[in-house]
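These are my notebook entries on one protein chain. I record what I looked up, entry by entry.

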Amino acid sequence: MSISPPSFLLPYLEKYPIQAGALLTTIYDLTLSVGWIDTRIMELGGWVVLIGHKNKSDPLRAIIPIPIHTTCLKPSSLKSIFNQLKITLINDLPKPFENLSPTINDLKNQIIQKNSSQSNLIKNDDDNISEKQNQKEEEEDEIILDKETIYTSIVTPDSTVVYYKISKGIKKPSDIPDE
């Protein structure tokens, strides 16, 4: 039994055969295991790149999925990707693709709705106020795109994914924040 990849990925898998396996594995790893949200897919500098973040408070980050055996990602490619990332505006980014599975918050909301409908409880005004405040805070969060760092996801034949951080220019380890 084989599982078909999500339909929104098919054009990218066909257009970027060198990255196809790594792209699929990285998307599954980031969205299902790591818990990335607002994940998008786009082309930069002749490569397919994933952009997203783990938390709304983190900046959006770019990841280039590559298989371990490739030698195609050269300094000139990285320079091109950095240059295109530098001029990319938040409004230029594609919309995030749909979650491949429900998030923890989705599951919590489903449980709350199920419990609420079964017991016919109505949320009190305090809950409604705090929920509206949380939604307003999420809407007000400014989206920032990290343009100084690119990550690579290197995928091995056994589907192990290793992430590396590539910074523009030379940076001391103390200048690079841990995550």
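**Entry 1: the hairpin**

I began with strand E1 and strand E2 (residues 47-53), which pair in the antiparallel sense over 6 bridges. Helices (H or I, at least four residues) and strands (E, at least two) are DSSP runs, numbered from the N terminus; two strands pair if DSSP finds at least two bridges between them. I note that the model is predicted, that local features need pLDDT of at least 70 and side-chain atom pairs pLDDT 80 or more, while totals for chains, interfaces and linings use all residues. Residues are numbered from 1 along each chain as its sequence is written, and side-chain values use heavy atoms, with hydrogens and water left out.

E1 and E2 form a hairpin with 2 residues between them. In the turn, Gly-45 has a positive phi of about 60°. Met-42 stands opposite Val-49 in E2. I then checked the cover of E1 (residues 37-44): 6 of its 8 residues are buried, where buried means under 20% relative accessible area, exposed over 50%, and partly exposed in between (1.4 Å probe, protein chains only).

**Entry 2: the sheet**

I asked in which order the strands of the sheet stand. The 5 strands form an open sheet in the order E1-E2-E3-E4-E5, with mixed pairing. E1 and E5 stand at the edges with a single partner strand each, so one side of each has no neighbour in the sheet. Neighbouring strands are turned by 30° against each other on average, direction ignored. E2 and E3 run antiparallel and are joined by 3 bridges; Leu-50 has Ile-63 in E3 as its bridge partner.

Next I looked at two helices. Helix H2 (residues 20-34) lies across E1, E2, E3, E4 and E5 and runs at about 140° to E3. H3 also lies across E1, E2, E3, E4 and E5, at about 140° to E4. For these angles, axes are lines fitted to C-alpha atoms, for helices over the stretch in contact (heavy atoms within 4.5 Å); the angles run from 0 to 180 degrees between N-to-C directions.

**Entry 3: the cores**

I looked up the nonpolar cores, which are sets of buried Ala, Val, Leu, Ile, Met, Phe, Trp, Tyr and Cys residues joined through side-chain atoms within 4.5 Å. The largest has 17 residues, of which Ile-51, Ile-64, Leu-73 and Ile-81 touch the most other members. E1, E2, strand E3 (60-67), H3 and strand E4 (145-155) each give two or more residues to this core. A second, separate core of 15 residues includes Ala-20, Ile-41, Val-48 and Leu-50.

**Entry 4: an aromatic pair**

How many aromatic pairs does the structure hold? I found 1: Phe-8 and Phe-97 are stacked, 4.4 Å centre to centre with 25° between the planes. Rings of Phe, Tyr and Trp (its six-membered ring) pair if their centres lie within 6.5 Å; planes under 30 degrees apart count as stacked, over 60 as edge-to-face and the rest as tilted. Phe-8 lies in the segment before helix H1 (10-15) and Phe-97 in the loop between helix H3 (75-87) and helix H4 (104-119), so the pair ties together parts 89 residues apart in sequence. Phe-8 is partly exposed at 27% relative accessible area, whereas Phe-97 is buried at 14%.

**Entry 5: positive phi**

Most residues other than glycine have a negative phi. I found Asp-38 with a positive phi near 50°; its place is in strand E1. Ser-159 has a positive phi of about 75° and lies in the loop between E4 and strand E5 (161-167).
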